[in-house]
Amino acid sequence: MNCMALGCARYLERLISDTAMSCGESNPAATPTPCVDTQGDGRWMSLHNRFVANSKDKEPDVLFVGDSLVQLLHQFEVWRNLFSPLHALNFGIGGDATHHVLWRLSNGELDHISPKVVVLWVGTNNHGDSPEQICGGILAIARLISNKLLHAHTLILGLLPRGEYPNPLRDRNTRVNELLQEAIASLPRASYLSVDSGFVQSDGRISHQDMYDYLHLTPQAYQKVCKPLHAAILRLLEKPNEN
């Protein structure tokens, strides 16, 4: 990428940061925050502690981090067929927003591993945050990964559409993706990948055969998402270490 394009990307990232903070002293989506234990069973912190413990005796080449779309992937055959052979770890927690992932990665989940590729998929649960704030949160996570894992490449997945019919959250996710694609050049060792395989039909609807609850993916939809994702990971694994 030429200097002019890189300069534009860095300007856009500063603009995103400034816009995200314009309504307050900081961007809540980029402020590391543990999940509030509203259900009272401590599951979120237990999962985090398990991830930290698991990382101490694993040597993954690929790390998946994110929300329920990452967490549920681990339960399907596509994980066993495509990603387990790549020595992959899954650090997904249902309901996580960007600030939750940022807290987890700041508190031990990256301390004992050196993956070559980190797949980051988060942001659709940032309810109440603007597209600029969500994009800022994702960029903050990518920067943290870059600082902690000096030779890893972060592959940022675009947010998927959601809801059976057109709705404001779909529009928000689309805008987040646009901002990410424009800002990605400012990040070291990072790239963006769209994994939307045309889930929105010509009439504007999403089929329950792709998203059974119009948010989470069915096994056939995971196949659509994971084939190009697997190919992208393989390309990154074949590249020499980035400095």
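Helix α8 has a kink of about 30 degrees at Cys226, shortly before the proline Pro228; the bend at a residue is the angle between axes fitted to the seven residues ending there and the seven starting there. This is a predicted model, where local features need pLDDT of at least 70 and side-chain atom pairs count only at pLDDT 80 or more, while totals for chains, interfaces and linings use all residues. Residues are numbered from 1 along each chain as its sequence is written, and side-chain values use heavy atoms, with hydrogens and water left out.

**Helix α8**
- Helices (H or I, at least four residues) and strands (E, at least two) are DSSP runs, numbered from the N terminus.

**Aromatic pairs**
- Searching the whole structure turns up six aromatic pairs; rings of Phe, Tyr and Trp (its six-membered ring) pair if their centres lie within 6.5 Å, with planes under 30 degrees apart counted as stacked, over 60 as edge-to-face and the rest as tilted.
- Phe51 and Phe91 are stacked because their ring centres are 4.5 Å apart and their planes at 20 degrees.
- That pair ties helix α2 (Phe51) to strand β2 (Phe91), 40 residues apart, and both Phe51 and Phe91 are buried.
- Phe64 and Trp79 pair edge-to-face, at 5.0 Å centre to centre and 65 degrees between the planes.
- Phe64 is in strand β1 and Trp79 in helix α4.
- Ring pairs also join Phe64, Trp79 and Phe83 into a cluster.

Conventions:
Buried < 20%, exposed > 50% of the residue type's maximum accessible area, 1.4 Å probe, protein only.
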